[in-house]
Amino acid sequence: MSGVRWLYIFDMDVYKVPNPKNWRFKAIKELAGQEVLKVMLHYETKNRKPYNLMLTQFNRIVLDSEGVYELNDDDEDKAMYNFINFAFTSPGELAESEAPLTIPMAPVIPLQKEKEALYGYLTEKIPSLAKDAPFIVEKTIKSLKESHEERVNLIRDAKKLRR
């Protein structure tokens, strides 16, 4: 089986967030109005307990005045921006388009202190996921950076072809 755990990281503190209902996350009043790093941990379970960390995802979000985050259409558009604009296209196709070339959205990369807070939390609360966390997080970051670089190069190549 697999599981998902949601965390918010703010100022070296990690907050466990229950799974959202209708894409509305439970309020965390002390974080009202703050920008936080939202972390999603995907893991395998063994005997209904987290066992093996498989994937991490990161996003920066701003909680509302009640400390609630609710996924909306703007957030979905933002999340899909790079995929929609760059997934199945070539530099030639972009160069032939009349539309202006768009800049790829930069990936969300956790700060070093946020990574340390995450590792500390996992070591204390979910030791079975802590052992692989640095490898999985760095692998995710490397993948995000490589994907971004590929999109930037796609735009550079399209720009050269337009000249």
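**Close-up views of a predicted protein model**

View 1. Residues are numbered from 1 along each chain as its sequence is written, and side-chain values use heavy atoms, with hydrogens and water left out. K29 sits in the loop that lies between β2 and β3, and its C-alpha atom is separated by 45 Å from that of L94, a residue 65 residues apart from K29 along the chain.

View 2. The C-alpha atoms fill a box of roughly 55 × 35 × 30 Å, taken along the principal axes, and buried residues make up 33% of the 163 residues. Of the contacts (heavy atoms within 4.5 Å) with a separation of 6 or more, 66% are between residues 24 or more positions apart.

**View 3. Four strands form an open, antiparallel sheet.** The strands are arranged in the order β2-β1-β3-β4, where two strands pair if DSSP finds at least two bridges between them. Because β2 (13–17) and β4 (49–62) stand at the edges and each has a single partner strand, one side of each is left without a neighbour in the sheet. Neighbouring strands are turned by 25° against each other on average, direction ignored.

**View 4. Strand β1 is joined by bridges to β2 and to β3.** Eight bridges connect β1 (residues 2–10) with the antiparallel strand β3 (residues 35–46); here G3 has Y43 as its bridge partner, and W6 stands opposite M40. Towards β2, which also runs antiparallel to β1, there are five bridges, and the partner of I9 in β2 is V14. The strands β1 and β2 form a hairpin with two residues between them, and D11 in the turn has a positive phi of about 50°.

**View 5. Helix α3 crosses helix α5 and also lies across the sheet strands β1, β2, β3 and β4.** The axes of α3 (residues 112–125) and α5 (residues 133–162) come within 10 Å and cross at roughly 145° (axes are lines fitted to C-alpha atoms, for helices over the stretch in contact, and angles run from 0 to 180 degrees between N-to-C directions). K115, L118, Y119 and L122 of α3 meet A133, P134, V137, E138 and I141 of α5. Relative to β1, α3 runs at about 130°.

**View 6. Helix α5 has 30 residues, some of which are buried.** From its first C-alpha to its last, α5 reaches 44 Å, close to the 44 Å expected at 1.5 Å a residue (the expected span is 1.5 Å times one less than the number of residues). Its buried residues include I136, T140, H148, V152 and A158, and the buried residues of α5 pack against β4, α1 (73–86), α2 (91–96), α3 and α4 (127–130).

Note on methods: This is a predicted model: local features need pLDDT of at least 70, side-chain atom pairs count only at pLDDT 80 or more; totals for chains, interfaces and linings use all residues. Buried means under 20% relative accessible area, exposed over 50%, partly exposed in between (1.4 Å probe, protein chains only).
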